[in-house]
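Good morning, everyone, and thank you for coming. Today I would like to walk through one protein chain with you, and I ask that you keep the picture in view while I talk.

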Amino acid sequence: MIFRRFFALAALVLALPAFATPLGDDGLHKADWMQDTFKDLREDLAEANAEGKRLLVIIEQRGCIYCTKMHEEVFPTPEISAMLNEQFFVIQINMFGDVEVTDFDGTTLPEKDMVRRWNALFTPTMMFFPQDVAEGQIATQAAVAVMPGAFGRWTTLNLLNWINDEGYLGDEPFQKYHARIIQEQGITE
């Protein structure tokens, strides 16, 4: 009986992710590469640029199984975790939160209203921004790429590389870039 309980407990521990991202009081995952800011996108962009990083906004919600998948299976991948930590300035937005967010055009709304303004329907949603945003633009107009939903590690890694390499300025759309990289490296997702 004791051995059964021991093995059941050991199996449970082994089934848990090795580096589970802790949850905050709001029920959202709190990765060490996320920035704690006043959520003024103009200031966040300036700080990202000063650090030589790209601004990335991640919209998540409490209880989101797809957010959990990303935090437990995709983001902990060493290459992705390092890239998010070293090359991106990541701001987390709670889809149903009340913390005020200031958009690039100066409009300030609670998170839940800003998410509605941006027409973000899915979590997680990752919004990537250029180094310069034209005056008067809102986040959805300024974003160079938006990734709604959870994707595998290779899609995510390739997207991060494509953003860093400013692939969105070239002639090869992300889908073709991703397919080419996958084929060149013989990767199956």
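Please bear in mind throughout that this is a predicted model. Let me begin with the largest nonpolar core, which has 29 residues, and in which F75, L84, F88 and F128 are the ones that touch the most other members. At least two residues of this core come from each of β1 (54-60), α3 (65-74), α4, β2 (88-94), β5 (125-128), β6 (145-148), α7 and α8 (174-185). Which element supplies the largest share? That is α7, with six residues. As general background, nonpolar side chains in soluble globular proteins tend to be buried together.

If we look at F88 and leave aside residues up to four places away in sequence, we find that F88 touches K53, R54, L56, M83, F128, L160, I163 and N164. Apart from this core lies another one, of 21 residues, which includes I91, V101, F104 and A143.

Now I turn to two helices, α4 (residues 78-87) and α7 (residues 153-164), whose axes come within 10 Å and cross at roughly 30 degrees. Because angles under 35 degrees count as roughly parallel, α4 is roughly parallel to α7. The crossing in which α4 passes α7 is left-handed.

And which residues meet there? On the α4 side they are E79, I80, M83, L84 and Q87, and in α7 they meet R153, T156, L157, L160, N161 and N164.

Conventions: Residues numbered from 1 in each chain as written. Predicted model: local features only at pLDDT ≥ 70, side-chain atom pairs only at ≥ 80, totals over all residues. Heavy atoms only, no water. Axes fitted to C-alpha atoms, helices over the stretch in contact; angles between N-to-C directions. Helix = DSSP H or I, 4+ residues; strand = E, 2+ residues; numbered from the N terminus. Parallel < 35°, antiparallel > 145°, perpendicular 65-115°, else oblique. Left-handed = near helix turned anticlockwise from the far one by under 90°. Contact = heavy atoms within 4.5 Å. Core = buried A, V, L, I, M, F, W, Y, C linked by side-chain atoms within 4.5 Å. Buried < 20%, exposed > 50% of the residue type's maximum accessible area, 1.4 Å probe, protein only.
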